[in-house]
Amino acid sequence: MEWHGYTGNILNVNLTDNKISLTKENLEDLKQFIGGIGINCKLFAERFKPNIDPLSAENLIIIGTGPLVGTATPGASRTVAISRFPATGAIANSCGSMSFGFQLKHAGFDHVIISGKSDKPVYLLIWDDHVEICDARQLWGNDIVETHDALIKKYESCGTIAIGQAGENLVFSSLTLIDRTSTFGRGGLAAIMGSKNLKAIVAKGSKGISIAQPKEFNKLYKNLFERIRTYPHRESWHELGMLRSLPVGMMLKASGQNKKARQCTDRFYLKKLKKRRIACPSCPMGDKDILELKEGDFAGLINYTSSVINPFLMFMFEGLKSYTEAIKTFDLINRYGLDSLTMVSLLEFCNKLYKEGIFTKENTKIEWSADYNTFIQLIEMITHRKGFGDILADGWNKLAETYDDIGEEMLVVKGLDVIFEPRFLHLGTMEFEQVVNPKGAHVASGGSPTYVGAGSSKDKFIAHFKRMGIPESAIKRLFSPPFPEMIVNVGRLTRYSEDWYTVLTSLGLCARAQMNRFWGLESASEFYNAVTGFERSSEDLRMAAERTWNLMKIMNMKEGFSRKDDKFPKGWFKPLKFGVNELEFIDFFGETKITHDIANQLLDDYYDERGWDKENGLPTQDKVKELGLEKYL
Amino acid sequence: MVNKILYEIIVHEEKCTGCLICQLNCSYVHKQIFSPSEAFIQISNQYSLTPKILFLEGCTHCNQCAQHCLYGALELKEVEQ
Ligand code: SF4
Ligand code: SF4
Ligand code: SF4
């Protein structure tokens, strides 16, 4: 058959015996799971064996893109990887941006299934029909930037996924970068690649993607593009990127670090740091940053990042005294392929335990002081698994096993540290998501509902719910929280946010707020049909998303996860010292203190909205049957 | 007779984000496929510090690329007749 949008091809690469083969996409599967994160889950579930070592040859990495990727559909840029992650032991998808997915599609593949383990360092080259497992001995030991640059020099315009030394040394908090910029695979994707001796993947394509119904597509594209072109805040997004949405300066100020807050303002960023804005293919709302340090000890340093807020968040750590130290530290973390968010959490946690005398020079063999040099030393020790760094490299779970009674103090869910602190940001869907996400504490799928509606009226919320395709019949329940003052029920709402995120990520669309806002379930389905020539209703897409999320849950059920793991970190229920303030765990509108009972009620509501069993937090037989997932049980 | 307004494209490489929207639109309009390698505008070193923008032989001066560049890298300027 003739494929549009999709390439119709799945590439199989076995690193153990150097075998490369091709399989065709199955139309029935596409109907059930669309593409991207959905087909990733389906391909993984078919090949999945529970309880294998994530860092063994038995683990798989499946990388996928969606049917809209490779076209001009705005924001169609996603690359998604599924695997069993070492930090958590969970089966999870990670999502990234930049040009890898685009290049993979143009090379003629929708998904790549990587299995086995090479006996020497290799990288995978996918260049149109030429697929080759290449010798990477020269690249092994290099950081991500060096690796990327060497590959770009060799292949010119191409998309890369590369690991640094942290991945080579199987550090659990390692991740990869796409095109040296976009973080990809929080929870140890780089370690999984490292365990397979896979240093990088290169995609380069020239085949092009065709459209099934050009007339229909042109109409949709023209309308959407015009809406984006005339969006009043477009230019300020271009100017400031993600800094527009998360004013880190304000957070620093609130935490009492005024001097540092002045180094994180919009003006400071524009004058002292911003070098160039870059964007994923097809994206008219680009927010990626190339930063340049123009002064200080590290003047001349160039850093690529998915956003300046990443190094700025690093700056929250009190031990870093100037923005140049923060950028330098962040750059090192990026190069090694570590997770900057986890590094800050770890550092703050260690700092606390040293202050309390639980960590000492004797039991950690580190002369601790909360400053730049110690931070750098710790990063080196973790990356190269030296001394105390070797324990930290095995993640939060190992740390909790090694030292008595510290697990309770960790702000961690399922082995991943929380990113958004609800005592500062209140309990929105993005904070709640961190508790129920099968992947562990991560923010992505809970991203839209409360943030877009932040501080606004009920009507605005409803308009937003409708855009996401939330059924009319659910709306009343979404406005029935445990206490009326809370207005929205973030537990119930998170279910729909996950589904909406899954629709976008199955099609290959970016879910970041500034792109997400232009999409609705209806328009996403229209684009999908025009591009592929399929005839799917928005309800079909929504169901496919629900099916995907349930399948991911079923796989994690087989790994032993259940309600007992969807645990609110204990620390959230205690006040957080923030500058002169003590912040409490409160609901999204700041009216109600979240107690254990309310937290449990919200969990009950989440499972109920999902049609899952409240006792064990897992899909019921009825739900599994309704979604046609019996064969995966 | 109504005079046709003519435009020329002024290139500002320093503003280019490497989004490839220009190439995608060019190839789609002229070859009915989304394919940067088929476009008459080439963006090289897409994400480097110094991206290069080049118009190739065959460009019809239809301005589709510039009309879709939202980053100001391809500025349309009216040409006096
Ligand atoms: S908003 Fe950012 S992440 Fe999303 S497609 Fe655009 S450049 Fe990529
Ligand atoms: S010239 Fe404009 S449209 Fe083309 S890649 Fe650069 S920023 Fe994007
Ligand atoms: S002006 Fe030239 S390069 Fe631009 S879209 Fe038209 S043909 Fe392509």
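This is a predicted model: local features need pLDDT of at least 70, side-chain atom pairs count only at pLDDT 80 or more; totals for chains, interfaces and linings use all residues.

1. **The pocket lining by class.**

2. **The pocket itself.** The volume of the second largest pocket is about 1,500 Å³, and 41 residues line it.

3. **Where the lining comes from.** Four elements of chain A give two or more residues to the lining of the second largest pocket: the helices α12 (309-314), α14 (340-355) and α19 (422-425), and the strand β18 (576-578). The largest share is that of α14(A), with nine residues.

4. **The surroundings of ligand 3.** Moving over to chain B, the shell around ligand 3 includes four cysteines, C26(B), C59(B), C62(B) and C65(B). Two histidines, H30(B) and H61(B), also belong to the shell, as do F40(B), I41(B), F55(B), T60(B), N63(B) and Q64(B). In chain B, α1 (21-31) and α2 (64-68) each supply at least two residues of this shell. By class, the residues around ligand 3 divide into seven nonpolar and five polar, with no charged residue.

5. **A six-stranded sheet.** Back in chain A, you will find an open sheet of six strands with mixed pairing, in the order β2-β1-β6-β3-β4-β5. Its edge strands are β2 (19-24) and β5 (91-96), each pairing on one side only. From one strand to the next, the twist averages 20 degrees.

6. **One strand pair in detail.** Within chain A, strand β4 (residues 79-84) pairs with β5(A) in the antiparallel sense, over six bridges. A handy place to look is I82(A), which stands opposite N93(A) in β5(A).

7. **A residue on a helix.** D149(A) is part of helix α4 (residues 144-155) of chain A. Is D149(A) buried, partly exposed or exposed? D149(A) counts as partly exposed because its relative accessibility is 37%, and that class runs between the cut-offs of 20% and 50%. The C-alpha atom of D149(A) is separated by 8.6 Å from that of R180(A), and the two residues are 31 residues apart along the chain.

Notes
Residues are numbered from 1 along each chain as its sequence is written. Chains are lettered from A and ligands numbered from 1 in the order in which they are written. Side-chain values use heavy atoms; hydrogens and water are left out. A residue is near a molecule or strand if one of its heavy atoms lies within 4 Å of it. Ala, Val, Leu, Ile, Met, Phe, Trp, Tyr, Cys and Pro count as nonpolar, Asp, Glu, Lys and Arg as charged, and the others, Gly among them, as polar. Two strands pair if DSSP finds at least two bridges between them. Axes are lines fitted to C-alpha atoms, for helices over the stretch in contact, and angles run from 0 to 180 degrees between N-to-C directions. On a 1 Å grid over the protein atoms alone, a cavity is a set of points where a 1.4 Å probe fits but cannot get out, and a pocket is an open set with protein on both sides within 12 Å along at least five of seven lines; lining residues have an atom within 4 Å of a point. Grid points are joined across faces, edges and corners, and a volume is the space filled by probe spheres set on the points. Buried means under 20% relative accessible area, exposed over 50%, partly exposed in between (1.4 Å probe, protein chains only).
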